[in-house]
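Thank you all for coming. Please take a moment with the sequence and the model before I walk you through a few parts of it.

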Amino acid sequence: MIYTRKLQKRALTILSAGLLAFAGWGTAVSPAQAAPAAPASSCSTGDHGILQDLQKNQTAKGADPLTFASVDFLNADTGRAAGNGFVIGTSDGGCHFQEIYQGQWSFQQIEFPDNVHGWALASVKGGQVKYLIRTTDGGSTWKRLSKYPATFERIEFVDGTTGFGYNRASTYYTKDGGSTWTRIPTPANTRGADFTTRSSGWAVVVAQGSGYRIMRTTDGGASWKQLKTVAYPNPQYAQVYANASQVYTVLYGGSGMSQTSYSLYGSSDAGRSWTRIIAQATAGGGPAPGSGPAKQEKGPASGSPGNMQVIGKTSAFLAGYQPAAQMVGTGMTKNNGRAWSNSKTVLGFEGVISFTDPNQGWLAVRNMNSSTLYATKDGGASWQAKFSFKF
């Protein structure tokens with residue numbers, strides 16, 4: 001989904017282009033042309049009166065109802081959310097929303113480094129194969145970048161041309177907006193990686209029967225240095241999130257009975273020292289990877305980890321969800337993991353977050369009866385519903 005090392009570039013783009021106007025996403029407007037902000041009392045609720053015909057058509061065909069799969073905000077007010085056949089957006093913090101796109105693409109991840117350029121991993125509705133697609137008009141129209149399916153599980157773009165594509169074993173880099181990609185060398189048995197620049201990156205390697213190895217490169221993958229080992233008899237998968245000297249890795253344990261065991265490790269000094277922040281052991285998944293004390297024995301929602309966001313120099317957020325209990329929540333630190341707190345949960349099966357600063361963020365959730373966008377202004381301590389599709 002999104003990483004906050006892009007925020008400075010995003011802020012410059014927004015300042016130069018002006019805030020989004022409802023009349024034209026991705027089109028610059030002058031302050032005189034932009035409509036004045038509406039008073040809080042006039043804010044809409046529910047589905048804001050958009051995409052209702054599409055929702056009815058989905059229901060009539062017996063297809064899946066409209067649900068959010070990805071959310072990406074440039075700041076607390078301006079951002080987009082997407083799902084099966086649609087993209088919507090707001091420029092006033094969710095007081096009002098506008099339909100940006102309706103069509104064949106079912107979005108799995110959207111990525112907007114600025115107000116105009118965007119990329120997505122998406123499948124044609126009803127299909128399983130996903131493609132990398134691009135927009136240059138804020139999301140109104142999309143172009144497939146290759147006739148071949150995408151192998152990426154996650155994409156990240158830092159500006160209008162430069163980006164990274166990741167799957168569990170490999171990392172790729174583009175400097176022409178995704179038209180061509182080069183593979184960045186990563187260690188054998190890599191199961192998760194993240195790069196902050198073309199030269200600087202992180203990888204987690206699995207060593208069967210031994211555990212996880214956290215490694216770093218500063219020369220674009222030409223060489224890698226091992227910085228930490230975490231013992232675990234059957235390592236499988238990891239996720240890495242980095243921003244400057246902050247780096248976090250989610251190390252997965254076992255899963256069973258709708259439960260996932262995992263550990264979250266964090267470093268504030270580019271890997272020289274590490275803190276075991278979360279060590280969640282479960283009856284179905286067994287022990288968490290690693291050993292020693294942790295700040296928390298349970299992650300957000302006491303469930304499976306979702307996506308994570310690293311904010312600035314000291315803050316980070318992690319989504320979590322527990323389908324069996326229908327709980328979705330977030331956890332956060334504002335001091336590099338020295339303290340960690342889990343928020344109250346909302347009703348849902350799974351969720352994805354987009355935080356833009358240490359206090360303000362968005363959460364997309366699906367439950368049995370609806371798919372809802374929530375916003376927070378207090379770091380996830382409380383959430384307010386801003387948009388909801390009812391089933």
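This is a predicted model: local features need pLDDT of at least 70, side-chain atom pairs count only at pLDDT 80 or more; totals for chains, interfaces and linings use all residues.

Of the 391 residues in the chain, 56% count as buried, where buried means under 20% relative accessible area, exposed means over 50%, and partly exposed lies in between, with a 1.4 Å probe and protein chains only. Residues are numbered from 1 along each chain as its sequence is written, and side-chain values use heavy atoms, with hydrogens and water left out.

The chain has two helices and 27 strands, and these are DSSP runs numbered from the N terminus, helices being H or I with at least four residues and strands being E with at least two.

Let me turn to the loop between helix H1 (7–17) and helix H2 (52–60), which is where His48 lies. Is His48 buried or exposed? His48 counts as buried, because its relative accessibility is 14%. A polar atom of the His48 side chain lies 2.7 Å from the backbone oxygen of Lys386. If we leave aside neighbours within four places in sequence, His48 is in contact, meaning heavy atoms within 4.5 Å, with residues including Gly94, Cys95, His96 and Phe387.

Next comes helix H2 itself, in which Leu54, Gln55 and Gln58 are buried. Seen down the axis of H2, the buried residues fall within an arc of 100 degrees, so they line one face of the helix; the arc is that of the directions from the helix axis to the C-beta atoms.

What covers the buried face of H2? The cover of its buried residues includes strand E2 (79–90), strand E3 (98–111) and strand E27 (384–390). Gln55, for its part, is buried with a relative accessible area of 11%, and, not counting residues up to four places away in sequence, Gln55 touches Pro65, Leu66, Phe389, Lys390 and Phe391. After H2 comes Gly62, whose phi is positive, near 75 degrees.

Definitions and conventions:
A polar contact is a pair of N or O atoms within 3.5 Å; within protein, one must be able to donate a hydrogen and the other to accept it, and residues adjacent in sequence count only if both atoms are side-chain atoms.
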